[in-house]
Amino acid sequence: IMAMVSCSLLSVMCVLAVSFAQSEPKTPAQIQIRLAGDKRKHYEGRVEVNYNGEWGTVCDDDFDISAAHVVCRELGYLGAVAWYPSAKYGKGEGHIWLDNVHCTGREASLADCLSNGFGVSDCRHTEDVGVVCTQKRIPGFHFISTSSNDVETLDVRVEDVRIRATFSQRKRIPITEGFVEVKDAGKWRQICNEWWSPMNSRIVCGMHGFPGEKGFNTRSYRLLSARRKKNYWGFSVNCTGNEAHLSTCRMGKHRLMGNSTCARGMPVVVSCVPGRLFAPSQSLGFRKAYRPEQPLVRLRGGGNLGEGRVEVLKGGVWGTVCDDNWDLRAATVVCRELGFGTAKEALTGARLGQGMGPVHMNEVECSGFEKSLTECYFNRDALGCSHEEDAAVRCNVPAMSLRSRLRLSGGRNPYEGRVEVLAERNDSMVWGTVCSENWGMIEAMVVCRQLGLGFASHAFQETWYWPGDVSADSVVMSGVRCSGTEMSLAQCLHHGKHLSCPKGGGRFAAGVSCSDGAPDLVLNAELVEHTTYLEDRPMYTLQCAHEENCLASSAAMADASSYRRLLRFSSQIHNNGRADFRPKAGQHAWIWHECHRHYHSMEVFTHYDLLSLNGTRVAEGHKASFCLEDTECDEGIPKRYACANFGQQGITVGCWDTYRHDIDCQWIDVTDVKPGDYIFQVVINPNYEVAESDYTNNIMRCQCRYDGYRIWTYNCHTGE
């Protein structure tokens with residue numbers, strides 16, 4: 001009887017224990033998701049889940065469109081279009097992590113959905129599920145991930161790799177030559193060169209930001225290594241030449257004891273060839289502002305050095321590359337071609353902004369040894385590709401020590417503050433401020449890029465609200481003027497030792513705030529070409545426009561009954577960037593114009609010019625931003641800005657603002673223009689008042705013929 005009571009009590013305790021365990025709240029598992037498989041677009045593929053550091057798949061049992069929505073939103077897309085069972089995108093490998101998944105569609109992660117539990121499945125890889133996401137991305141979505149979302153995730157097997165320069169080479173910037181050392185168990189170790197190959201050197205140079213390797217004086221390094229104590233790494237390395245990092249090369253099993261002699265060899269040495277941008281010079285350690293020859297490939301829209309959307313020149317027209325099959329191998333060809341090292345990331349889905357013009361290349365396949373992306377195989381038919389699929393890269397760049405001579409001080413966060421530079425004064429290095437006279441957005445862009453903080457969002461000429469280091473109040477740099485291509489503020493034009501700053505430093509020192517993303521305004525050139533026409537309008541109907549300086553200077557003497565000839569057109573301005581375009585001034589600083597009865601958030605938003613064929617201005621106009629708003633948006637993107645009722649002004653990412661041809665000041669006054677051939681030019685944000693990721697596409701030009709009665713506008717194009 002006692003035994004039966006004990007068993008009953010034990011059963012009750014077991015049931016209670018289970019019920020208490022079930023009632024305790026569960027912490028959602030931390031997972032990462034990616035899309036994989038062959039012959040797919042970047043927004044579709046087999047669903048793969050990383051759980052406990054291992055990638056696996058999801059079974060199609062009970063999977064539905066609600067679960068597909070959760071997957072796609074977790075990847076940064078607006079939602080799902082479809083899902084496919086039965087391994088449509090090929091069979092995966094490893095674990096089948098999830099089975100019998102049930103989602104409501106409102107979950108933040110697939111891990112939040114009901115399922116059998118991780119690793120509990122009776123499925124095979126023939127049942128791997130796939131999804132197709134909408135091509136539209138969630139505005140402002142950031143990939144928060146410890147590893148790449150691409151299939152080419154690096155498998156790091158070593159802690160770190162460095163090129164250790166000899167004593168005589170350590171002052172050179174960048175360091176291009178020295179002993180290769182691997183960090184293992186917290187200690188730096190050399191590699192025996194008995195099994196070393198040129199392909200290994202190619203990878204070491206590439207991961208340190210250099211496009212190639214070259215020979216060196218072996219004898220001097222052999223003599224030097226003979227005098228040094230050595231601590232060899234216990235593995236040999238075998239690279240194919242296409243790896244992004246030494247850690248992904250095959251490692252040999254042959255082991256040496258830590259201080260063994262490497263009898264027939266010596267520690268590995270590499271000598272790298274720097275790209276033109278980083279070629280050492282006697283004066284500054286690197287060249288002045290980069291002035292490249294006309295390339296066939298370029299990067300646009302990147303906030304930091306060595307990153308951007310890939311654009312290709314074909315037939316005199318710049319276009320983009322579709323991201324179908326885009327991988328690290330193709331990205332590395334681009335990086336090396338432009339004088340950088342291997343690619344850190346091959347980005348898809350217009351992650352660094354949408355381009356413009358044609359899509360020149362699709363389904364690019366590279367061996368990895370091409371001199372140019374244009375030598376790779378590609379499909380010339382870009383059917384089905386849009387600029388939402390523009391490919392981009394992030395490249396390895398050399399360590400230039402640029403951040404050691406510049407800092408931001410006094411800001412609320414690391415992305416803002418007073419600009420302080422390290423300069424030589426009286427034979428010693430001291431920190432000081434930069435004179436804010438003529439300080440603008442272009443200079444701020446250079447500062448943010450030098451510090452690796454992305455784009456500038458504001459340039460400040462007063463910084464009294466950022467109390468920096470009092471000992472650094474003195475001005476040590478003045479007269480700064482940048483072109484925007486410089487790697488550092490020191491490369492910009494400035495006064496040198498003979499400073500001139502009437503306001504002084506302190507509260508009037510230059511400051512910046514930086515941001516990960518920036519807007520990018522692009523004018524629809526086709527719409528301008530199709531809507532251009534002439535209108536003769538009586539002067540008495542143009543009094544408000546005259547007050548806002550929208551007419552030619554001769555209008556001041558014109559009779560009220562006379563007519564003005566106006567070149568009218570519509571403009572549609574798209575924001576293709578990664579941040580909303582907002583006016584520089586806040587609402588409190590907007591200017592009220594009584595005649596038109598509206599506020600101007602930017603006094604000059606666009607310049608309209610008619611130029612002679614040699615570039616001389618013959619007629620001009622300008623448009624104030626009396627209403628920056630989201631006229632229309634891409635599918636799935638809500639409008640955020642509207643001018644009605646003194647509302648917030650701006651242009652959301654993926655939206656556009658339309659200025660119709662029939663509103664005031666949407667013209668050029670051509671009353672005094674003689675018949676002939678001209679260039680019609682529109683420039684958006686001409687004074688760089690608001691930061692953008694790319695100013696080169698703010699200009700639109702058309703060829704124009706005027707016979708005194710009619711006007712023909714043709715060959716309109718945006719950009720350089």
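Tutor: In this predicted model, a disulfide is formed by Cys-366 and Cys-376, with 2.1 Å between their sulfur atoms. Both cysteines lie in the loop between β18 (359-365) and β19 (377-379), ten residues apart.

The structure holds 14 disulfides, and another of them joins Cys-550 to Cys-665, with an S to S distance of 2.0 Å. This pair links distant parts of the chain, since Cys-550 is in the loop between α8 (543-547) and β29 (563-568) while Cys-665 is in the loop between β36 (655-659) and β37 (667-669), 115 residues away. The link of Cys-550 and Cys-665 is right-handed, with 90° about the S-S bond, and both cysteines are buried.

A further disulfide, between Cys-702 and Cys-716, has its sulfur atoms 2.0 Å apart. Here Cys-702 belongs to strand β39 (residues 699-706) and Cys-716 to strand β40 (residues 711-718), so the bond ties together parts that are 14 residues apart in sequence. It is right-handed too, with 115° about the S-S bond; Cys-702 is buried at 1% relative accessible area, and Cys-716 is buried at 14%.

Cys-704 calls for a separate word, because its sulfur lies 7.4 Å from the closest cysteine sulfur, that of Cys-702, which is too far for a bond.

Technical notes
Residues numbered from 1 in each chain as written. Predicted model: local features only at pLDDT ≥ 70, side-chain atom pairs only at ≥ 80, totals over all residues. Heavy atoms only, no water. Disulfide = S-S within 2.5 Å. Helix = DSSP H or I, 4+ residues; strand = E, 2+ residues; numbered from the N terminus. Buried < 20%, exposed > 50% of the residue type's maximum accessible area, 1.4 Å probe, protein only.
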